[in-house]
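Please take a look at the chain below.

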Amino acid sequence: MRVSLRAAGLVSLLAGVTGAVQVDLSSDDSIKDAASTVVFGLMKYYTGNNTGDTPGNLPDPYFWWEAGAMFGTLVDYWFYTGDATYNDVAIEAMQHQAGEDGDYMPQNQTRTEGNDDQGFWAMAAMSAAENNFPNPPEGQPQWLALAQAVFNEYVTRWDPNTCGGGLRWQIFTFNNGFNYKNSISNGCFFNLASRLARYTGNQTYADWAEKVWDWMTEVKFIDDDFNIYDGAGVDQGCAEINRAQWTYNAGIFLQGSAMMYNFTGGQDIWKQRVDGLVNRTAGYFFDNGIVVERPCESFNSCDSDQQSFKGYLMRWMASASQMAPFTFDTLMPLVKSSATAAAQQCTGSPAATDYKGPPGTACGFKWTDKGKFDGLVGVGEQMSALSALQYSLVKKQAVKAPVTADTGGTSVGNPNAGRPMDDYMPTIPEITTGEKVAAGFLTTAIAFSVVGASFFVMHE
């Protein structure tokens, strides 16, 4: 994935901030007004509802998974603010990208799709089920069934032949990253399994959540201090670990662990795990109460994917504070202090090519800069600021909490949803003699190019 620090330029840094986002975190109405302003700017990036464009897709440089993350954010935006302005757009996108088989493997994405990409769309569908988001019409894929389909396909991809288990990053052998197992792909599996366990009451999902957690600790992707590392290559048996720590890895396992704590009725082992993750997350990812992306933020090297990660941590911290209420007094003050700093960054007035929202409402990336707009704008920055704001609406004694099938959930499931892996493998036509000759020349050319390009850049 390419690096893109879309700096808005000196003009945006010097522009007036008459439209700057103002928020009083002691007032729900003020938070909702600020969130409404920020989400309006976010949706100006979306082109999937334009004539001739594909519903659910974001334009370059944004990848498909980030669109799924964005619609998951919009599902929660409706849930916490009550503003249904973007519901129809979200439903259209989440249905269109569900694909022909209702499993978030649409034909326009399947060949390049990774396990984590599919997971972010599935988690958006899971949020829709938990939030009682308006259900699709009968005959269309339902939210719970979509999440179950992806879970079932994850089960078929569990790979005990390398590193003793786990999901690979990529789904297909021909994609760069197939020989890498990472925390975010396995985090998507763990997160879905834990939430499906809570929603349905089915122990099978909980068993898989336990299995993923156990494997993560066995290969030391999660260490004894609850650091969560990026991943490792299978060729070395997952022994040479990439020790980068990203906010979204911490968050995805934190929410899943809190779901398991809730599902098990407060089982001590899950309390210990939640405590460990809370303490490490608070201690590692926050400077003076403001979240930072450690591997890249201080080096000005975060790409367009990484500029969105902080928002997911805000989402999952807020959820954990509800599912494991003993964490509320630690987690929610950090969400709120980050929301204050994020709103202070929403003062930018970039050129229209970089931001089409109202002047003075573009949100920057470095929240520790507070009122000094950093000039970095995009989907990730706008979505993260929105997340910090909307999740600050979570209350300790929440009346509105994610539902289950037994507490008012209305989404229809299908525990047998999904397709076998073999059904998605491309069909290879018979090779002619002429193609064999051409392939010989191509192989020679590739052999030379591989010498100078023997590594790939991970899109995390």
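The model is predicted: local features need pLDDT of at least 70, side-chain atom pairs count only at pLDDT 80 or more, and totals for chains, interfaces and linings use all residues. Residues are numbered from 1 along each chain as its sequence is written, and side-chain values use heavy atoms, with hydrogens and water left out.

**Salt bridges**

Side chains of opposite charge can pair when their charged atoms come close. A salt bridge here is a side-chain nitrogen of Lys or Arg within 4 Å of a carboxyl oxygen of Asp or Glu. How many salt bridges does a search of the whole structure find? The search finds 11. Three of these pairs are set out here.

| Pair | Closest N to O distance |
|---|---|
| Arg-273 and Glu-210 | 3.5 Å |
| Lys-271 and Asp-275 | 2.9 Å |

Start with Arg-273 and Glu-210, which form a salt bridge. Arg-273 sits in helix α10 (residues 268–284) and Glu-210 in helix α8 (residues 203–218), so their pairing ties together parts 63 residues apart in sequence. Helices are DSSP runs of H or I with at least four residues, numbered from the N terminus.

Is Arg-273 buried or exposed? Arg-273 is buried, with a relative accessible area of 11%. Buried means under 20% relative accessible area, exposed means over 50%, and partly exposed lies in between (1.4 Å probe, protein chains only).

Lys-271 is partly exposed at 30%, and Asp-275 is partly exposed at 26%.

Elsewhere, Asp-159, Arg-168 and Lys-181 are linked in a network of salt bridges.

**The nonpolar core**

A nonpolar core is a set of buried Ala, Val, Leu, Ile, Met, Phe, Trp, Tyr and Cys residues joined through side-chain atoms within 4.5 Å. The largest one holds 138 residues. Phe-71, Tyr-104, Phe-120, Trp-143 and Met-314 touch the most other members. Helix α3 (residues 64–81) gives this core its largest share, 12 residues.

Contact means heavy atoms within 4.5 Å. Not counting residues up to four places away in sequence, Tyr-104 touches residues including Trp-64, Met-94, Trp-121, Trp-143 and Val-150.

Definitions and conventions: Helices (H or I, at least four residues) and strands (E, at least two) are DSSP runs, numbered from the N terminus.
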